[in-house]
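Visitor: I'm new to reading protein structures. Could you walk me through one, step by step?

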Amino acid sequence: MTEHERPVDATDDVDVVTREVLTASRLLVAVSARSLAAVEERVTLPQFRMLVVLTRGVTKLVTLAEQLQVAPSTAMRMVDRLIAAGLAARQPNPRNRRETLLQLTEEGRRTVEHVTARRRSEIAGIVEVLTPAQRLALIEALAAFNRAGAEPLAPASDVAESHPLGWAVDLPAAAHDV
């Protein structure tokens, strides 16, 4: 029996299932890290996360900081770096001059799309190795796991992703707060 083959009764063992999920999680984190590697000189993982949140539309700095669960001063430093890199832009809020509105530039949007496409491609390559029966079992298992964790389904490959890397369960639409 190989390391990942388990006796039938192992599915009742929460520790065994947890270990397999942790292993899969490690694989998915590695895939995500590799997909970001192409732009890592320009964008850190926390900055990329900010770019992903900004794909939702124009937002205020305070709202962005809340969504990322960071202090507004931290968000401002991250925004400054993204603006310097040409990936984000800021403008005064026409409704309240004391507020700043933030949004992605076209280069920022292309960066998110490129990283997301690389991640999707690598995951597709892994899935292609599985047999049709294994793919079906994986679909069923992951669908149940995602429902249990209240994670929304990722969009189809031909749909623009509003949350390409998850963490979006409780995020309100940014464009509505302007």
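Guide: Happy to. Let's begin with a pair of helices: α2 and α5 are roughly perpendicular to each other. Keep in mind that this is a predicted model.

Visitor: Why do α2 and α5 count as roughly perpendicular to each other?

Guide: The general idea is a cut-off: angles of 65 to 115 degrees get that label. Here, helix α2 (residues 45–54) and helix α5 (residues 106–129) pack at about 110°, and their axes are 10 Å apart, so the pair counts as roughly perpendicular.

Visitor: Which residues of α2 and α5 meet?

Guide: On the α2 side, look for Phe48, Leu51 and Val52; on the α5 side, Thr111, Val112 and Val115. Sorted by class, this contact of α2 with α5 has five nonpolar residues, one polar and no charged ones.

Visitor: At what angle do α2 and α4 pack?

Guide: At about 85°, with their axes 10 Å apart. That angle makes α2 and α4 roughly perpendicular to each other, therefore the label applies here too. Pro46, Gln47, Met50 and Leu51 of α2 meet Ala75, Met78, Val79, Arg81 and Leu82 of α4. The residues in this contact of α2 with α4 split into seven nonpolar, one polar and one charged.

Visitor: Let me zoom out. How many helices and strands does the protein have?

Guide: Six helices and three strands. Reading from the N terminus, their order is α-α-β-α-α-β-β-α-α.

Visitor: And what share of the residues counts as buried?

Guide: The general idea is that a residue is buried when its relative accessible area is under 20%. By that rule, 26% of the 178 residues of the protein count as buried.

Visitor: How many residues are in the largest nonpolar core?

Guide: There are 23, and the ones with the most contacts inside this core are Phe48, Met50, Leu51, Leu54 and Leu64. At least two residues each come from α2, α3 (61–68), α4 (72–84), β3 (96–104) and α5. The largest share is that of α2, with six residues.

Visitor: Let's pick one of those. Is Leu64 buried or exposed?

Guide: Leu64 sits in helix α3, and its relative accessibility is 0%, so it counts as buried. Leaving out residues up to four places away in sequence, Leu64 touches Met50, Val53, Leu54, Thr59, Val79 and Leu102. Leu54, by the same way of counting, touches Thr59, Leu64, Ala88, Leu102, Gln103 and Leu104.

Visitor: What about the rest of α3? How many of its residues are buried?

Guide: Six of its eight, so α3 is mostly covered. The buried ones are Leu61, Thr63, Leu64, Ala65, Gln67 and Leu68. What covers them includes α2, β1 (59–60), α4 and β3.

Visitor: Where is Ala150, and what is its phi?

Guide: Ala150 is in the segment after α6 (132–148), and its phi is also a positive value, near 60°. Its relative accessibility is 48%, so Ala150 counts as partly exposed.

Visitor: One last thing: how do I read distance along the chain against distance in space?

Guide: Compare the two numbers for a pair. Thr55 and Leu104 are 49 residues apart along the chain, and their C-alpha atoms are separated by 6.8 Å. Thr55 lies in the loop between α2 and β1 and is buried, with a relative accessible area of 15%. Another pair is Leu64 and Ala75: 11 residues apart in sequence and 7.3 Å apart in space, C-alpha to C-alpha. For the protein as a whole, among contacts with a separation of 6 or more, 59% are between residues 24 or more positions apart.

Note on methods
Residues numbered from 1 in each chain as written. Predicted model: local features only at pLDDT ≥ 70, side-chain atom pairs only at ≥ 80, totals over all residues. Heavy atoms only, no water. Axes fitted to C-alpha atoms, helices over the stretch in contact; angles between N-to-C directions. Helix = DSSP H or I, 4+ residues; strand = E, 2+ residues; numbered from the N terminus. Parallel < 35°, antiparallel > 145°, perpendicular 65-115°, else oblique. Contact = heavy atoms within 4.5 Å. Nonpolar A, V, L, I, M, F, W, Y, C, P; charged D, E, K, R; others polar. Core = buried A, V, L, I, M, F, W, Y, C linked by side-chain atoms within 4.5 Å. Buried < 20%, exposed > 50% of the residue type's maximum accessible area, 1.4 Å probe, protein only.
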